[in-house]
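Subject: A structure for you to look at

Hi,

I am passing a structure on to you, and I hope you enjoy exploring it. Please open it first and then read my notes below.

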Amino acid sequence: RLRRDTAAVALGGALVDRLAAEIMDRRLPAPLLIVRDATKLFLSPEVYYRFCRYGGALRVLREIDLAAVTVNPFDPGGTSFEPRPFLEYMTGALAPCPVFDLVLQETGSQ
């Protein structure tokens, strides 16, 4: 039900690739999309960047206060990273948030 003058849309559920694509396919000015928090964002990088180039913007109502992040260097699809270097890289990238590898039973040092 988007119209040309729709400035913003508050979503009650998740924002997924299909919904973002449908919004872009309407060829209307992109409204600001608002979700409850970042756990409701399920956009692939390709769709997210396309949506941004289209002029779209995303906002959350509540920020997430992360206590820590766990990492898994193994992907069921077959891609993997060396566990310790991956842990150290993610520790640096996500600092100051603590990062743990539960299989190694280690935390990254920063």
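Predicted model: local features only at pLDDT ≥ 70, side-chain atom pairs only at ≥ 80, totals over all residues.

Residues are numbered from 1 along each chain as its sequence is written, and side-chain values use heavy atoms, leaving out hydrogens and water.

The sheet is open and has 3 strands in the order β1-β3-β5, with parallel pairing. (Strands are DSSP runs of E with at least two residues, helices are runs of H or I with at least four, and both are numbered from the N terminus; two strands pair if DSSP finds at least two bridges between them.) At the edges lie β1 (8-10) and β5 (57-60), each pairing on one side only. Strand β3 (residues 32-35) joins β5 through 4 bridges, and Val-35 stands opposite Val-60 in β5.

Now the helices. α1 (residues 17-25) packs against α2 (residues 45-53) at about 30°, with axes 10 Å apart; axes are lines fitted to C-alpha atoms over the stretch in contact, and angles run from 0 to 180 degrees between N-to-C directions. The two helices are therefore roughly parallel (under 35 degrees). Which residues of α1 meet α2? They are Asp-17, Ala-20, Ile-23, Met-24 and Asp-25, which meet Val-47, Arg-50 and Phe-51 (contact means heavy atoms within 4.5 Å).

Best wishes

Notes:
Parallel < 35°, antiparallel > 145°, perpendicular 65-115°, else oblique.
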